[in-house]
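Have the model open while you read.

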Amino acid sequence: MKQNGRFGDYGGVFVPEILLPALEQLESAFLGASQDVIFQKELSELLHNYAGRPTPLYRCRNLCKDTMYNRKHH
């Protein structure tokens, strides 16, 4: 792993050795994505519109077409 591991100057990470190649790929992808302006913009939009609060709500007219609520308000 490119960054200092859990043990600082002594190196090493607290994971099974067989996982190191996968973790190195993940680290590389993470570092690349964190510098990618287009990725960050898309991530920000997704967090705002789908995961963040407040999430925009849309009325599903067809979903409530035959409900008591719809008959009262239209």
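## Fold and ground rules

Helices (H or I, at least four residues) and strands (E, at least two) are DSSP runs here, numbered from the N terminus. Read along the sequence, the protein goes α-α-α, with three helices and zero strands.

Keep in mind that this is a predicted model: local features need pLDDT of at least 70, side-chain atom pairs count only at pLDDT 80 or more, and totals for chains, interfaces and linings use all residues. Residues are numbered from 1 along each chain as its sequence is written, and side-chain values use heavy atoms, with hydrogens and water left out.

## Confidence

pLDDT is the predictor's confidence in each residue, from 0 to 100. The protein averages 77, and 61% of its residues reach 70 or more. Helix H1 (residues 20-35) has the highest confidence, with a mean of 92, while helix H3 (residues 68-73) has the lowest, at 58.

## Surface

Accessible areas come from the Shrake-Rupley method with a 1.4 Å probe; for residues, only the protein chains shown count as cover. The protein exposes about 7200 Å², and carbon and sulfur atoms supply 60% of that. Buried means under 20% relative accessible area, exposed over 50%, and partly exposed in between. Of the 74 residues, 7% count as buried.

Val-15 sits in the segment before H1 and is partly exposed, with a relative accessible area of 31%.

## Around the start of H2

Asp-36 is in the loop between H1 and H2. Its relative accessible area is 35%, so Asp-36 is partly exposed. At the start of H2, a side-chain oxygen of Asp-36 comes to within 3.0 Å of the backbone nitrogen of Ile-38. A polar atom of the Asp-36 side chain also lies 3.3 Å from the backbone nitrogen of Phe-39.

How far apart are the end C-alpha atoms of helix H2 (residues 37-51)? They are 20 Å apart, which agrees with the 21 Å that its 15 residues should span at 1.5 Å a residue. That expected span is 1.5 Å times one less than the number of residues.

Note on methods:
A polar contact is a pair of N or O atoms within 3.5 Å; within protein, one must be able to donate a hydrogen and the other to accept it, and residues adjacent in sequence count only if both atoms are side-chain atoms. Buried means under 20% relative accessible area, exposed over 50%, partly exposed in between (1.4 Å probe, protein chains only).
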